[in-house]
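Student: Hi! Could you walk me through this model, starting with the sheets?

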Amino acid sequence: MKKALLMVISALMVVTTACSSGGGKSSSNTAAPTSAPAATSAGDASKEPVTLSIVAKDLMGDDPGVQKLVKGIEEGMKAEGKNIKLKIVPVQSGTYSEKLGLLLQSGNIPDLIYFQGGDYQFAVTQKILEDLTPFIDKSTNVKASMNVYNQERMKNYPYLLWLSPPNSAVPVVRQDWFDKTSSGKDLLANPTSDNYYTFFKDLKEKSGAKYAYTVAGTLDELDVMFGQSFGLTSTWIKGDDGKFTYGKTAQFEKDKLLFYAKLYKDGLLDPEFLTKKWDTKEKAFYDGQAAIMAGTQGKVIDIYNNKSISQNGAAAKVMTLPPAKGKAQGYTPVDISKESRGFAIAKTSKNKEMAFAVLEYMAGQKGQMLDKLGVEGDEYQIVNNKIKLTDKFAAWFPHFVESTVNFKPDKEFDPATPYFSEPASKSLQMFASMSTKDNSFVIPAELAAKWDAASAKYKEFAADLVTGKKSAADFDKFVQEWNAAGGKEMTEYANKTIK
């Protein structure tokens with residue numbers, strides 16, 4: 001397990017998961033920190049603790065697991081000379097980004113703020129979020145836990161920190177069903193879109209599944225496999241004239257959608273893909289109705305694997321499929337314009353250094369052991385000098401650091417309870433070796449409405465073309481409507497912005 005984990009960490013470290021994305025760099029007109037940052041500044045543990053308020057989607061004060069996490073953070077930091085007390089700020093139930101926005105607008109601004117959308121308004125428009133660059137530059141643990149994408153995003157938008165692999169999906173299939181096909185080996189040797197089509201038909205016939213591929217209401221989960229093979233190597237495609245065109249209005253997109261239409265017509269794509277939600281998509285996979293679905297590399301694939309085995313037996317472990325090969329090969333290009341979620345520090349905080357010290361501690365080995373594994377004796381035990389995860393571990397998940405880049409436990413995991421299953425580790429390795437950077441950018445506030453309108457036009461047309469309500473002859477009209485809805489202005493902005 002240790003060897004596999006080290007392979008994952010190494011792969012992630014050499015690789016070159018949004019307000020809205022699709023286009024330029026964020027604004028950089030932010031004020032310098034009001035105090036000189038010191039990521040490892042030590043406090044006097046004998047004095048009264050420094051109270052730090054924190055708000056996060058999954059940090060609920062009445063949750064026993066969260067209480068245990070907070071206690072572990074406070075005790076661990078105190079042992080290192082940083083005496084703090086974390087005060088969890090509650091958020092009303094409902095859409096987190098909206099309720100958080102209302103909280104901040106009310107003037108109740110915590111020291112540490114976890115965003116999951118809505119941050120651009122406070123970082124760039126209202127300028128109440130701290131530029132984290134000086135803190136990160138002086139850090140040890142945080143800096144060591146950042147992958148290449150984290151580094152690029154912080155350069156472009158230095159207000160959110162989220163130490164996690166890219167929130168990008170990879171497709172998986174049940175291993176036992178893959179093994180039943182006669183076309184599987186040929187597919188892995190040469191994963192063209194034509195060979196995938198043959199494999200899908202073979203897979204459906206041999207497995208007894210109703211269809212090969214299911215998605216949760218969006219074609220994005222199909223694009224992870226096929227997008228780049230049709231030439232969609234970035235959100236904005238550079239033409240021979242040096243100008244950028246939105247990829248989804250290019251001939252490449254037309255060819256891709258026609259291929260999807262063929263899958264739909266031939267019963268290989270879930271006929272209910274437009275109305276599927278994430279839970280019904282996963283249920284279709286576990287119940288054997290669908291043979292393939294996509295999920296976020298790493299931990300989500302781990303969950304898929306465990307649930308598939310639990311419901312269908314040990315042979316039903318999942319395996320990651322490679323992206324199709326054609327004009328290019330790779331999973332969906334990674335947006336590096338900004339982190340789509342993460343922790344921010346408020347400019348109004350009187351304890352910025354200590355607030356960052358929490359993030360620094362959680363990125364260190366003791367913090368990561370707590371964040372990832374829980375409490376020794378509860379979520380894991382040390383048996384025969386190895387880490388053995390208990391049944392309670394299934395309910396535990398990291399709140400601060402999902403990345404394994406700098407995760408180096410001083411003991412190996414018991415082979416019976418690895419931190420990541422073999423399919424999850426494989427998904428990280430495959431994504432790391434077959435991922436590329438996108439040229440998307442943060443949509444400025446003045447163009448957000450136009451971008452949303454143009455995007456809605458695309459989604460409507462794409463759904464209609466795939467399901468047979470529209471044909472290839474309607475593509476040019478769609479492009480005209482996309483431009484009229486706001487795409488023309490977005491394209492002009494893209495050509496001014498993308499370097």
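Student: What order do the four strands of the open sheet with β5 in it take?

Tutor: The order is β5-β8-β4-β9, and the pairing is mixed. Two strands pair if DSSP finds at least two bridges between them. Helices (H or I, at least four residues) and strands (E, at least two) are DSSP runs, numbered from the N terminus.

Student: Which are the edge strands there?

Tutor: β5 (211-213) and β9 (318-320), each pairing on one side only. From one strand to the next, the twist averages 30°.

Student: Before we go on, where do these coordinates come from?

Tutor: This is a predicted model, in which local features need pLDDT of at least 70 and side-chain atom pairs count only at pLDDT 80 or more, while totals for chains, interfaces and linings use all residues. Residues are numbered from 1 along each chain as its sequence is written, and side-chain values use heavy atoms, with hydrogens and water left out.

Student: Thanks. How many bridges join β4 to β9?

Tutor: Three, with β4 (residues 169-174) and β9 running antiparallel. Val173 has Met319 as its bridge partner in β9.

Student: And which strands does α13 lie across?

Tutor: Helix α13 (residues 278-286) lies across β4, β5, β8 (290-296) and β9, at about 135° to β8. Axes are lines fitted to C-alpha atoms, for helices over the stretch in contact, and angles run from 0 to 180 degrees between N-to-C directions. Contact means heavy atoms within 4.5 Å. Helix α17 (residues 422-433) also packs on the sheet, touching β4 and β9, and its direction makes about 10° with that of β9.

Student: What about the open sheet with β10, what's its order?

Tutor: That four-stranded sheet runs β2-β1-β3-β10, with mixed pairing. β2 (84-88) and β10 (342-345) are at the edges with a single partner strand each, so one side of each has no neighbour in the sheet. The twist averages 25° from one strand to the next. β3 (residues 112-115) and β10 are antiparallel over four bridges, and Phe115 has Gly342 as its bridge partner in β10.

Student: Switching topic: how many aromatic pairs are there?

Tutor: The structure holds 37. Rings of Phe, Tyr and Trp (its six-membered ring) pair if their centres lie within 6.5 Å; planes under 30 degrees apart count as stacked, over 60 as edge-to-face and the rest as tilted. Trp236 and Phe441 are stacked, because their ring centres are 6.0 Å apart and their planes are at 15°. Trp236 is in strand β6 and Phe441 in the loop between α17 and α18, so the pair ties together parts 205 residues apart in sequence.

Student: Are those two buried or exposed?

Tutor: Both Trp236 and Phe441 are buried. Buried means under 20% relative accessible area, exposed over 50%, partly exposed in between (1.4 Å probe, protein chains only).

Student: Why do Phe461 and Phe478 count as stacked?

Tutor: Their ring centres are 4.6 Å apart and their planes are at 5°, so the pair is stacked. Phe461 belongs to helix α18 and Phe478 to helix α19, so parts 17 residues apart in sequence are tied together. Phe461 is buried at 6% relative accessibility, and Phe478 is buried with a relative accessible area of 3%.

Student: What covers the buried residues of α18?

Tutor: The cover includes β6 (236-238), β7 (244-246), α12 (251-265) and α19 (475-497). Among the buried residues of α18 are Trp451, Tyr458 and Leu465. Just after α18, Gly468 has a positive phi of about 90°.
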